[in-house]
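Subject: Structure handover

Hi,

Here is the structure for you to open. My notes on the findings come after it.

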Amino acid sequence: MQKKLLEFLKLIAFRYLRIGKPNYPFLLDPSQLAQLIVEFERLKSQSGSIVEIGVARGMTTRFLAEHIMVEKLENKESIYALDIFSNFQKEDVNFEIENRGKHSSDLNAYGYNDFNIWKKNFLDFPFVKAIQADCSTFDFNTIGPIKMSFLDVNLYLPTKNALPKIYEATISGGVILVDDVIDEGWMDGSYQAYMEFCSDLGVEPIIIGKRCGAIYKP
Ligand SMILES: C[S@@+](CC[C@H](N)C(=O)[O-])C[C@H]1O[C@@H](n2cnc3c(N)ncnc32)[C@H](O)[C@@H]1O
């Protein structure tokens, strides 16, 4: 009886209401989500942590957590989810305005976030470890060695500061993926910082899809 009612409600939702319309909840392009899984699988036999830096509501964290659950790897893998869990850092915003010609109205985001609520939302995933920190000053060796990281903090300064520290804590063969590596819009600081880091390393930039910069550590 209950199943019949459920099927009936589904029929109403799909045929007559917009709530039946599929949506895409992720902030990343499909090619980025795919690349995360490709790298995860490539590095599955290696020990090392997985780190997402800049997690916002946790959509990509949840995506990776789902993969770990489906593959039954929850006792083997851990994801560190690092964020300031508040609005952008003042010095990062000031740098964008004073040195990169950005407007303060573009740089007011993520003030909704809350560390305790975020952790509560991930209670079903004990292998996800949330860290409240500024990636510019955080010591990534404390959660290393890292085999895969995803850096997604939008602005120039935190991307610029974090990249060498993440790289140092990354294993040989590991990868750093950087979001928003695209030379347009208010997030073009990620692009600039990624390009500068590749130049410092003396490696060619690798862009996957439209905006995912990759750095492989030899
Ligand atoms: C685009 S969102 C992350 C989206 C997330 N990766 C996803 O795919 O769903 C950017 C996040 O970077 C965080 N962030 C910005 N500056 C930061 C900093 N200096 N240190 C740590 N996190 C920072 C913000 O709080 C925000 O949650």
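Below are the notes on the sheet and the helices.

This is a predicted model: local features need pLDDT of at least 70, side-chain atom pairs count only at pLDDT 80 or more, and totals for chains, interfaces and linings use all residues. Residues are numbered from 1 along each chain as its sequence is written.

Sheet first. Seven strands form an open sheet with mixed pairing, in the order β3-β2-β1-β4-β5-β7-β6. From one strand to the next, the twist averages 20°. Helices (H or I, at least four residues) and strands (E, at least two) are DSSP runs, numbered from the N terminus. Two strands pair if DSSP finds at least two bridges between them.

Strands β5 (residues 170-178) and β7 (residues 212-216) pair in the antiparallel sense, over four bridges. V178 has G213 in β7 as its bridge partner.

Now the helices. Helix α2 (residues 30-42) lies across β4 (146-151), β5, β6 and β7, and runs at about 170° to β5. Axes are lines fitted to C-alpha atoms, for helices over the stretch in contact, and angles run from 0 to 180 degrees between N-to-C directions. Contact means C-beta atoms, placed from the backbone, within 7 Å.

Helices α6 (residues 156-169) and α7 (residues 188-201) pack at about 25°, with their axes 7 Å apart. They are therefore roughly parallel to each other (angles under 35 degrees count as such). Y156, T159, K160 and L163 in α6 meet several α7 residues, including G189, Y194 and F197.

Best wishes

Definitions and conventions: Contact = placed C-beta atoms within 7 Å. Parallel < 35°, antiparallel > 145°, perpendicular 65-115°, else oblique.
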